[in-house]
Amino acid sequence: MDSLTEPDLDLIFAALADPTRRAILRELLDGEQMVSAIAEPLPMSLAAVSKHLQILARAGLVSQRRDGRVRSCRLEPDGLAAAFLWMQGFGAFAMDDYDALERMIENVLSEKYDAESPGLSDSGVSSEGEHS
C-alpha cells in the first residue's frame, strides 16, 4: 500500500470511534464552520475541540483553513469514501451466495440431526416400529 496516496484506514476508524468526533462530523454536514461555532455546543474547552479536529484532519476526514485569526473546518467526503468502500466489501454478497449459504447450513444441520438421532426416521418412529 502506498502511504502517500492510500488513506490510512486505521486513522479513519480511530477517528470515527470517538462520539465527540462523530458529532463534529455531523455538524460539518451543513457546510464549512468556524472552529468556535463547532466548539460552542460541546461540553469541553476550545483546546480540546482543536485536538479532536487535528485527529479528524490527520485521518483526512476534515480540512482546516485559517483566515486571519479565524480558523474554519469543512468535511472532506473523500476521507469517508475509503472507509465506506472497505466496509462495502463485507456486504457485497450476491443472492446466489446467500442461497448457497442457506443450502450449506441446511445440509450441516440435517447431517448433525441424523448423527445425533440414529434409528429415528422423519416420522419419529424407530426402525423397530416403536414410537419415541
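This report walks through the fold, sheet, helix packing and core of a predicted model.

**Overall fold**

The protein has 132 residues, and 23% of them count as buried. Its secondary structure comes to six helices and three strands. Along the sequence the pattern reads α-α-β-α-α-β-β-α-α. Take the contacts between residues at least 6 apart in sequence: 50% of them join residues at least 24 apart.

**The sheet**

The three strands make an open sheet in the order β1-β3-β2. Pairing is antiparallel. The edge positions go to β1 (33–34) and β2 (62–67). Each has a single partner strand, so one side of each lacks a neighbour in the sheet.

β1 pairs with β3 over two bridges, in the antiparallel sense. Here M34 stands opposite S72. Q33 has C73 of β3 as its bridge partner.

β2 and β3 pair over six bridges, again in the antiparallel sense. R66 is bridged to R71 in β3. These two strands form a hairpin with two residues between them. In that turn, G68 has a positive phi of about 70 degrees.

S63 sits in β2. Is it buried, exposed or partly exposed? S63 has a relative accessibility of 22% and therefore counts as partly exposed. The cut-off for buried is under 20%.

Beyond its neighbours within four places in sequence, S63 contacts S72, C73, R74 and E76. With E76 there is also a polar contact, side chain to side chain, at 2.7 Å. E32 is 31 residues away from S63 along the chain. The C-alpha atoms of S63 and E32 are separated by 9.4 Å.

**Helix packing**

|---|---|---|---|---|
| α1 and α5 | about 100 degrees | 10 Å | α1: L9, I12, F13, L16 | α5: G79, L80, A82, A83, W86, M87 |
| α2 and α4 | about 80 degrees | 10 Å | α2: T20, R21, I24, L25 | α4: V49, H52, L53, I55, L56 |

α1 and α5 pack at an angle of about 100 degrees. That makes α1 roughly perpendicular to α5. On the α1 side, the meeting residues are L9, I12, F13 and L16. Those they meet in α5 include W86 and M87.

α2 and α4 pack at about 80 degrees. So α2 is roughly perpendicular to α4. Both T20 and I24 are among the α2 residues that meet α4.

**T20 in α2**

T20 belongs to helix α2. Its relative accessible area is 18%, so T20 is buried. Which residues does T20 touch, not counting those up to four places away in sequence? They are L42, M44 and H52. H52 is also one of the α4 residues listed where α2 meets α4.

**The nonpolar core**

In soluble globular proteins, nonpolar side chains tend to be buried together. The largest nonpolar core of this model holds 19 residues. Which of them touch the most other members? They are I24, L28, V49, L53, L56 and L61. Two or more residues come from each of α1 (9–16), α2 (19–28), α3 (35–39), α4 (46–58), β3 (70–75) and α5 (77–88).

I24 links this core to the α2 and α4 packing. It is among the core residues with the most partners, and it is one of the α2 residues that meet α4. Leaving aside neighbours within four places in sequence, I24 is in contact with I38, L42, V49, H52, L53 and L56. L42 and H52 are also touched by T20.

**In brief**

α1 is roughly perpendicular to α5, and α2 is roughly perpendicular to α4.

How values were computed: Residues numbered from 1 in each chain as written. Heavy atoms only, no water. Core = buried A, V, L, I, M, F, W, Y, C linked by side-chain atoms within 4.5 Å. Buried < 20%, exposed > 50% of the residue type's maximum accessible area, 1.4 Å probe, protein only. Helix = DSSP H or I, 4+ residues; strand = E, 2+ residues; numbered from the N terminus. Contact = heavy atoms within 4.5 Å. Pairing = 2+ DSSP bridges. Polar contact = N/O pair within 3.5 Å; in protein donor to acceptor, adjacent residues only side chain to side chain. Axes fitted to C-alpha atoms, helices over the stretch in contact; angles between N-to-C directions. Parallel < 35°, antiparallel > 145°, perpendicular 65-115°, else oblique.
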